[in-house]
Amino acid sequence: GANLVFGSEVLEVSSAAQVVTMTNTGNAPLMLAIMPSGDFTASDNCGTTLPAGANCNINATFVPTAIGTRYGAITVSDNAPNNPQIVSLTGTGLPYPVPQIGQLSPLSTSPGGAGFTLTVSGSGFAAGSVLYWNGLARSAAFISSTQLQVVVNAADIALAGTVAVSVLNPSPGGGSSNVMLLPVTNATTSVLLSGSNVQVGM
């Protein structure tokens, strides 16, 4: 059978797909059932019957659930003499990285304002990442390894101050990110006057 070797992926992060092409070299339709196993998923355009001489693609992806070398297979059960056909799959799971926050959006907000969605951009985020808002754990929406979002309620920004935002990744690996500060302040305007003759009005 064929072998597919996937690279290393962080826990719970999906790899790019690898494609297996299956061809019915016989002269009769092939009745198919395709089943992945282990930390691997498969999608295909084969259907349940593959006509004689036709081919189809199976897309395999790797999503590690533990660190180290992970093994799996795609088993194709059919009515061919060499049934079943097995594609062996291997990949390596990596521990969670230490997350890094690069930017908050918005950069600041006003006290007494309405609630909003805070977007945290950076790197190393995971599905299990927890966002801390002034030291309190908040449920964050995992958008990608570079973006998290959290709903900020009006009560969170009722008073002026500075909010410390950080992200914690779970173990194995993981750890706490740097801290980014979100100012909760009223917008200020300033006028600078210079020179000895300042004339206002007519």
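Buried means under 20% relative accessible area, exposed means over 50%, and partly exposed is what falls in between (1.4 Å probe, protein chains only). Keep that handy, since C56 is buried at a relative accessible area of 3%. This is a predicted model, where local features need pLDDT of at least 70, side-chain atom pairs count only at pLDDT 80 or more, and totals for chains, interfaces and linings use all residues. Residues are numbered from 1 along each chain as its sequence is written, and side-chain values use heavy atoms, with hydrogens and water left out.

**The disulfide**

- Counting a disulfide as a pair of cysteine sulfur atoms within 2.5 Å, there is one disulfide here.
- The partners are C46 and C56, with their sulfur atoms 2.1 Å apart.
- C46 sits in the loop between β5 (40-44) and β6 (49-50) and C56 in strand β7 (residues 55-62), so the bond ties together parts that are ten residues apart in sequence.
- Strands are DSSP runs (E, at least two residues), numbered from the N terminus.
- The torsion about the S-S bond of C46 and C56 is about 90°, so this disulfide is right-handed.
- Like C56, C46 is buried, with a relative accessible area of 5%.

**The salt bridges**

- Side chains of opposite charge can pair when their charged atoms come close.
- A salt bridge here is a side-chain nitrogen of Lys or Arg within 4 Å of a carboxyl oxygen of Asp or Glu, and the structure holds two.
- One of them joins D39 and R70, whose closest N and O atoms are 2.7 Å apart.
- D39 is in the loop between β4 (33-36) and β5 while R70 is in strand β8 (residues 68-77), so this pair links parts that are 31 residues apart in sequence.
- D39 is buried at 11% relative accessible area, whereas R70 is partly exposed at 24%.
- D156 and R138 also form a salt bridge, at 2.9 Å from N to O.
- D156 belongs to the loop between β15 (147-152) and β16 (161-169) and R138 to strand β13 (residues 136-138), so parts that are 18 residues apart in sequence are tied together.
- In this pair D156 is partly exposed at 24%, and R138 is buried at 18%.

**A look at N24**

- You'll find N24 in the loop between β2 (18-23) and β3 (30-31), where N24 is buried with a relative accessible area of 4%.
- A polar atom of the N24 side chain lies 2.8 Å from the backbone oxygen of A28.
- Leaving aside residues up to four places away in sequence, N24 touches P29, L30, L50, P51, A52, G53 and A54, where touching means heavy atoms within 4.5 Å.

Technical notes: Helix = DSSP H or I, 4+ residues; strand = E, 2+ residues; numbered from the N terminus. Polar contact = N/O pair within 3.5 Å; in protein donor to acceptor, adjacent residues only side chain to side chain.
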